Amino acid sequence: MSSTLQSVYQEASPSRQERNALLEGMACTSRVTDLRKYVMLAVASGNGQPRDLQYLVRNPAASDVIYDLLKNSLAIISSKPDGLEYALLTMTYNWFTPERIEQLHELIPLLSSDQYRTFLNIYSDVIYRSQYGQGAYMEITRHLYDAYYPLGFTPWTRRLPTSAKPLTYQLSVQPYIPNQSYMYFTEKNFTYDANITITMQPTQDLTEIWLNSHRHVIEGYSVLNLDTNQTLTVSKVTRDYQNAIIVLTMAATIQANANIQICFNYSGFIFEQTPNEGTLSNYDYLQSDGRKSWIFATDFEGGPSTRSLAPSFDEPIYKAKWQVSIIYPGEFTALSNTLEESTMNLKNGLVKTTFKQTNTMSSYLLALTIGHYSCLKGVSNIDKTIVRIWTWTGMENYGQHALDFAIAAVDHLSATLSTPMPLEKFDILALPQYSGYSAGAMENWGLVIAGYFDVLFHPDYSSSAQLENIQNTVTHELAHHWFGDLVTLDWWNHIFLNEGFATFWPPEILLAKSPEQKNSVLYTKFSIHEHGLDMDDNAASARPVSPDPNLLGPNYCLFCDTVYDKAGSVINTVRNAFGRDAAFYDGLSQYLKTWSFKNPSDTSLWAALDAVANQYRIKGWSGQYLNVTEMMLPYTYQWSGPYLRIISKGNGLYSVGQNPLVPQSNLPYSPYNYRWNIPYRYQINGSSLSSVQYLTSTETSINLNAGANTPVIFNPQGQTHARVQYDDASWAPIYQTFISNPFIFDETSRAQILADSWAFLQKKNSVSWKRFLDLTLYLQKETSPLVWRYVIRDGSWITILYDRFRYQSAVFPNLVTYINKITSGMATPNFTLTNDWSIDTANSLLVDLKCGVSNQECMQKVASSFATFIQQCKNSAYGTGKCNPAPPDFRAAQLCYGVQQSSRDFNTVLSLFQWWQKNPPSNDYFPQDAEFLLNGLSCSQDPGALYELITATLNQQIPSIFLSFVAGNDNLGTILSNYLQTNQSNVLNSPLFDNYIKQMVSDWSTQTQLDFLTNFNATAPLSPSQRNSVQSAINTVSNLMSWLSTEGTPISQWLSNFVASLITPSSTVAP
């Protein structure tokens, strides 16, 4: 090549075209010696032309060669007038990184004043290109990450080796989100720049440092031995993008226990809309004044996790202290886990806030955020800790209830657990789009980040049920500060140590601080117990509280309800087995003291409770003190829970046996063989509960000396995580007591017996439809809000029967009679609040149910309330929140059945709904009334008016939920199908086609309805995807018809006999 280069620059040169082709070809060489000769001939030979350097711009090795020549042979490079310019242009053609700019800085001292002027023009271009190029590079890299590598896993299953432990992190982050204070290149939008300094200690001699790093563009790194102040050489960097791991291979061994510092300069990405965890943004939301704004926030427990923000030891067991700095536009407020240590105005539209160092904590609890925020403040009464509720500006006043609940939680947990929280402040931040939604929350230590719907209460639009939910959410997240933050699980298969206790505590805190809400406490505790059992009742949902760690991965639901409600129910089982709250709480206190700032396993908890059980002499089985470990491992490691099998043998003798709720043949192998040491109590004829008994074998006998007609119930109040199945002989006196005097059983026991009966009916296990429906007749006497909330909840037998029989003309009138009869003991509530959350929620459900079956008293009360609403709201220019006399709890029924009875007011309701559409979208943060009004419109009896709104829905002018409202309120099930017949093209051409068909066939169950669908499928010009939707609808209707042909027969027969018994009392339905 050297001779060819020489010939190109000789006197007898080839043609220009040939010469250029030769130079371009030779410019591709990777040999340094040839590149040096190429450059020197171009800039220094007699016939050399510096512009020939342009052929080197796409050769990455050439820029380093030119740089070396500039440092060592500047005079030769500059010997021709344009030599330096072309050399600099060629060298910097692809330069834009900070490291390359630093190399340019190193040339400056070598330059003369004339050379510096040439250099300065090119340097300015590089600086501009650096800012633009970095952004473009980031955007390209983002697309590559999105296309080829996972967004995240819950959890990541590839573990770091246990060869090192972190001590501290110093993290500085500058996020780029839209703002008014600081301008940046568009390409940097939704990215961040960061640097982190990690101090760590090897636990053994090592040659590799393993860290987690996800979706980072790493621009520089260094490793320093702090003991010797020696920079350590990294010989190789390996990135495992699939598992978000970076490995630094060292040139020499690092000794165990050395103090090592690792530094990274890097950039990363902010998720604009998805996924819903990691470094996230709240996009395009509106402040109270209607201005658009953005928020940067974090959520690291799942998905992309902390490794998406910072290279780190990103596993729960690696606890360390963090100090965070955020550089951000000055218009924003910055928050993190701790209070601010300093804030500095950088004088360029940016502010830098440094936060105090955190306590030792797991990486997933790190939190930082910037946004337009305001807050309410308070101070806890016991520890005098600052408590703040943060929201986006203008929403903070809706946080007063949350603030009160938070202070109550901090006080109660500090006192009850004898463990003050080592924090200066508790912050709860309510976001408009937390993790992409308006609900949910994450327990970051010192900075809970939540969806606003679970924190903020609007007095004009929020219901009692929503207030109950806010209390539960706030106290759940603050309970995590003890169970999850102070003491943290060792690995994710023990997540129940976090979530189970955070589920257990909210009703306990509510009872202690607001005893007037006892009804809500009872319902919440019952719901936890019942939902946990529901999970165990079904092979599809049953799973261990503490699964084998090898099960974890993309196909395992780590954060399913098992680790919340089943775990909460199991923890309550332990508490009740202790029988003394002081002993149980002392055990938890000892557990917290022993494991503060550490990572226990599940057996660590049980061992702490074992010690206290011995200390307090808590009785167990076989004459021993309670062995919590032995009792709890089968409850937490097995896939399903138990039920007690009760058989009356006469003369007061009972057989008590146990079985798994899901047949063992349908469950994975268990070394415990699906047997439990079950603590249980019994109650004879409503007397005091017995002491705790234990069933440790498959079956045992117990003599209770109870007469044949004396009711004996087992597991009263649902104190143990188990259902109870009664044989006919043991059931008969229980049933007779329910019919004659149900109140000798407490309300939780009454609800539990209903729930267990319903569960065994669904499994076709010992309970028939007749036995179950006979039991429900006692509800004529029931007054408990707990029971009625269970009876009318979504998915209850009432709602199932209503939905499945609503188009069965021969049966539905009898079902309506039955519903009116069992609710007859409860007068239709007036549309006012009692301020008892559970009573008010139960009352709202009763109104919906009674009016749904056209109960005369209910319809009259609705008509009166609706008339007042129309009178007071028809001219409102400020929405319906204040002018409506009915509280939010009752507005759905008020507006639906009001419109149903008063067609003349349809247009008034429509205009009030349109107010919500025309006014600023910021109104949508509390959209309850808008939905109530839209639902009310769907109850109109005027098909023409409904057709106009359906057309608007298909044109996406009103929310698509209107279709489900029409389907749910159409008593004949014909509105959507008739519209389809007359407006087929509107439906076929709408993007809502699939949803339309799905809603249209809701609860369809007749042959006529099936024939309509079949004919439509055969004749309509459907696309393949549309045909799939229709076929799916056909299958849905066919399945319901099949259910009615089997299950429907005994139900309809019972209903027929029941109605007949009302006419002829002698034919009363018997057990």
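The legends below describe close-up views of a predicted model.

**View 1. A nonpolar patch on the surface includes Ile140 of helix α8.** The patch is formed by Ile140, Leu144, Tyr148, Tyr149 and Tyr241, which together have about 510 Å² of accessible area. Helix α8 spans residues 113-148 and contains Ile140. With a relative accessible area of 52%, Ile140 is exposed.

**View 2. Phe578 belongs to the largest nonpolar core.** This core comprises 283 residues. The members that touch the most other members are Trp505, Phe578, Phe714, Trp797, Tyr818 and Tyr996. Leaving aside residues up to four places away in sequence, Phe578 touches Ala583, Phe584, Leu609, Val612, Ala613, Ile618, Leu626 and Val628. Another core, of 31 residues, lies apart from the largest one; Ala42, Val43, Leu74 and Ile122 are among its members.

**View 3. Helix α30 has buried residues covered by other helices.** In α30 (residues 975-982), the buried residues are Ile975, Leu976, Ser977, Tyr979 and Leu980. Their cover includes α28 (943-954), α29 (961-969), α31 (984-988), α32 (993-1000) and α33 (1007-1019).

**View 4. Cys851 and Cys858 form a left-handed disulfide.** The sulfur atoms of Cys851 and Cys858 are 1.9 Å apart. The torsion about their S-S bond is about -95 degrees, hence the left-handed assignment. Cys851 and Cys858 are both buried.

**View 5. A right-handed disulfide joins Cys873 to Cys883.** The S to S distance of this pair is 1.9 Å, and the torsion about the S-S bond is about 115 degrees. Cys873 lies in helix α24 (residues 856-873), whereas Cys883 lies in the loop between α24 and α25 (891-901), 10 residues apart. Cys873 and Cys883 are both buried.

**View 6. The disulfide between Cys896 and Cys939 is left-handed.** Its sulfur atoms are 1.9 Å apart, with a torsion about the S-S bond of about -95 degrees. Because Cys896 lies in helix α25 and Cys939 in the loop between α27 (928-938) and α28, the pair ties together parts that are 43 residues apart in sequence. Both Cys896 and Cys939 are buried.

**View 7. Cys263 is buried, whereas Cys375 is partly exposed.** The relative accessibility of Cys263 is 19%. For Cys375, the relative accessible area is 21%. The two assignments rest on a cut-off, because buried means under 20% relative accessible area.

Technical notes: Residues numbered from 1 in each chain as written. Predicted model: local features only at pLDDT ≥ 70, side-chain atom pairs only at ≥ 80, totals over all residues. Heavy atoms only, no water. Patch = residues over 30% accessible without salt bridge, like charges linked within 9 Å, V, L, I, M, F, W, Y side chains within 5 Å. Areas by Shrake-Rupley, 256 points an atom, 1.4 Å probe, with all protein chains shown as cover. Salt bridge = Lys/Arg side-chain N within 4 Å of Asp/Glu carboxyl O. Helix = DSSP H or I, 4+ residues; strand = E, 2+ residues; numbered from the N terminus. Buried < 20%, exposed > 50% of the residue type's maximum accessible area, 1.4 Å probe, protein only. Core = buried A, V, L, I, M, F, W, Y, C linked by side-chain atoms within 4.5 Å. Contact = heavy atoms within 4.5 Å. Disulfide = S-S within 2.5 Å.
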